[in-house]
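Q: I would like to learn how to read the helix packing, the cores and the chain contacts of a structure. Could we go through them one at a time?

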Amino acid sequence: MPVTSSNDNPDKARRFRDAALPYLDDVYTLARYLLRDPSDAEDAVRECYLRALKHFDSYRGPAMKPWLFAILRNVCRAEYARRATAPTAGIDDAAEAAEQAPLWHETPETPEAQVLRDRDASTIRRLVEALAEPFKETFVLREINNLSYREIADAVGAPVGTVMSRLARARSMLRSAWLAEEEQPK
Amino acid sequence: MTCDEAEILLHALIDGELDAGHAREVEAHVAECPRCAEALVAYRQMSQAIAAADLRYTAPPALRRRIEASLPQTRAPSRRAVLRGFAMGSAVSALAATGLVAIVLRNDDEQRIMSEVVSAHLRSLQAGHLTDVISTDQHTVKPWFNGKLDVSPPVIDLTAQGFTLVGGRLDYVDARAIGAVVYRRRQHVINLFVAQTPTIERRAAKTETIQGFNIRRWSEGGLNYWAVSDIGGDELTEFGEKFQTAMQANKER
């Protein structure tokens with residue numbers, strides 16, 4: 001029986017292309033937020049697609065988008081490990097530290113009437129990027145990649161309840177940062 | 001419901017993840033609790049501001065090409081596959097060995113794309129699907145392409161020069177989405193197809209005839225252009241020249 005490398009199967013390649021390539025912008029967006037560096041993000045996305053193709057035969061779900069995100073997360077872990085000599089902490093290591101030390105000084109209680117004014121995209125991006133992990137990835141998956149809670153749970157391999165509490169925490173941190181920003185003179 | 005519970009659940013309410021029963025419970029709590037009510041309003045505003053700001057990134061076209069190039073080709077090793085490898089720079093040694101062959105392949109591929117462009121032109125006339133966005137205003141047509149393609153096709157109003165802008169359309173050539181800007185000259189339709197090139201070399205315009213249609217093809221500023229129409233070759237040449245002149249003028253302005 002002739003053995004051909006499954007990766008050379010043109011039909012598989014076509015199916016993979018049709019299924020996975022439409023999400024390239026989504027995957028790239030998540031990579032940008034997780035790694036905060038355009039060229040690292042590009043490398044991670046390439047690696048993600050290579051791995052996805054390799055495992056495409058065994059892919060049975062979840063939906064394609066969470067599946068790709070799950071692979072990307074693993075790729076990013078490797079990147080965090082590579083950076084480990086640098087002070088940047090990895091996805092899960094940061095969680096504990098974030099609980100203890102919020103990134104922002106506590107904002108004084110704001111007047112109830114104060115509203116969150118619209119901010120420009122670059123300011124919001126900066127605030128989101130500054131969120132600690134794993135809250136940032138949950139937040140980006142929900143607000144920017146538009147995943148449902150179930151899909152986020154699939155992508156990050158955590159129960160939906162964990163997703164919900166992380167999201168609540170992420171939004172609360174972002175709200176504080178947002179208000180702190182507001183109080184600073186421009 | 002306690003504030004601790006509501007603090008988590010009101011996010012699910014904002015995200016539309018709660019069933020009707022729980023949604024009512026959260027709403028009932030919020031109605032009685034000013035603190036949670038304030039939080040709900042604040043988070044809603046924040047979500048709306050985030051949605052409005054569009055915080056997504058677009059993958060660089062080069063990244064897309066590199067990933068596509070790393071996929072196995074959909075057809076058995078064809079001349080096209082060799083060509084694509086060449087275009088991506090991954091078959092440089094093969095090129096060095098057989099430079100002449102590469103040039104031949106390249107022409108062959110170009111001919112194939114040209115006939116695909118003619119087919120796309122024909123489809124646009126037959127299917128009653130000439131335009132996805134109908135407007136004679138370049139400032140309406142150009143933004144319409146945003147987010148639909150990995151390039152932004154230049155849209156130039158040439159009405160004063162005798163070519164009326166009709167609109168724009170998404171089409172497929174070479175198995176890729178491609179932008180088509182549609183013009184009219186009297187009763188004749190001109191489709192101007194725009195796609196990116198792997199190189200930024202500038203290539204002079206050339207007018208050819210395929211299946212009775214005239215095609216004028218040129219490359220400039222990292223984009224490939226194919227203008228297709230049944231108008232005469234000289235008029236199509238005039239169109240191409242006026243388009244390029246207007247592009248130049250736009251750049252210098």
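Q: In which hand of crossing does helix 1 of chain B pass helix 3 of chain B?

A: First, a caution: this is a predicted model, in which local features need pLDDT of at least 70 and side-chain atom pairs count only at pLDDT 80 or more, while totals for chains, interfaces and linings use all residues. Residues are numbered from 1 along each chain as its sequence is written, and chains are lettered from A and ligands numbered from 1 in the order in which they are written. A crossing is left-handed if the near helix is turned anticlockwise from the far one by less than a right angle, and right-handed if clockwise. Helix 1 of chain B passes helix 3 of chain B in a right-handed crossing; helices here are DSSP runs (H or I, at least four residues), as strands are (E, at least two), numbered from the N terminus.

Q: At roughly what angle do the axes of helix 1 of chain B and helix 3 of chain B cross?

A: Two packed helices are described by the angle between their axes and the distance between the axes. The axes of helix 1 and helix 3 of chain B cross at roughly 30° and come within 10 Å, where axes are lines fitted to C-alpha atoms, for helices over the stretch in contact, and angles run from 0 to 180 degrees between N-to-C directions. Angles under 35 degrees count as roughly parallel, over 145 as roughly antiparallel, 65 to 115 as roughly perpendicular and the rest as oblique; helix 1 of chain B and helix 3 of chain B are therefore roughly parallel to each other. Among the residues that make the contact are Ala6(B) and Leu10(B) of helix 1 of chain B and Ala39(B) and Tyr43(B) of helix 3 of chain B, contact meaning C-beta atoms, placed from the backbone, within 7 Å.

Q: Where do helix 2 and helix 3 of chain A meet, and at roughly what angle do their axes cross?

A: The axes of helix 2 (residues 24-35) and helix 3 (residues 38-54) of chain A come within 8 Å and cross at roughly 130°, so helix 2 of chain A is oblique to helix 3 of chain A. This crossing is right-handed, and among the residues that meet are Val27(A) and Ala31(A) of helix 2 of chain A and Val45(A) and Cys48(A) of helix 3 of chain A.

Q: How does helix 2 of chain A pass helix 4 of chain A?

A: The crossing of helix 2 of chain A with helix 4 of chain A is right-handed. Their axes cross at roughly 30° and come within 10 Å, helix 4 being residues 64-82, which makes helix 2 of chain A roughly parallel to helix 4 of chain A. Val27(A) and Ala31(A) are among the residues of helix 2 of chain A that meet helix 4 of chain A, whose side includes Leu68(A) and Leu72(A).

Q: Which residues have the most contacts inside the largest nonpolar core?

A: A nonpolar core is a set of buried Ala, Val, Leu, Ile, Met, Phe, Trp, Tyr and Cys residues joined through C-beta atoms within 7 Å, and a residue is buried if 20 or more other C-beta atoms lie within 10 Å of its own, exposed if 12 or fewer, and partly exposed in between. The largest nonpolar core has 65 residues, and those with the most contacts inside it are Val27(A), Ala31(A), Val45(A), Cys48(A), Leu68(A) and Leu72(A). Not counting residues up to four places away in sequence, Val27(A) touches Val45(A), Cys48(A), Leu68(A) and Leu72(A).

Q: How many residues of chain B are in contact with chain A?

A: In chain B, 34 residues are in contact with 40 residues of chain A. Helix 3 of chain B gives the largest share of the side of chain B that touches chain A, 10 residues.

Terms used
Contact = placed C-beta atoms within 7 Å.
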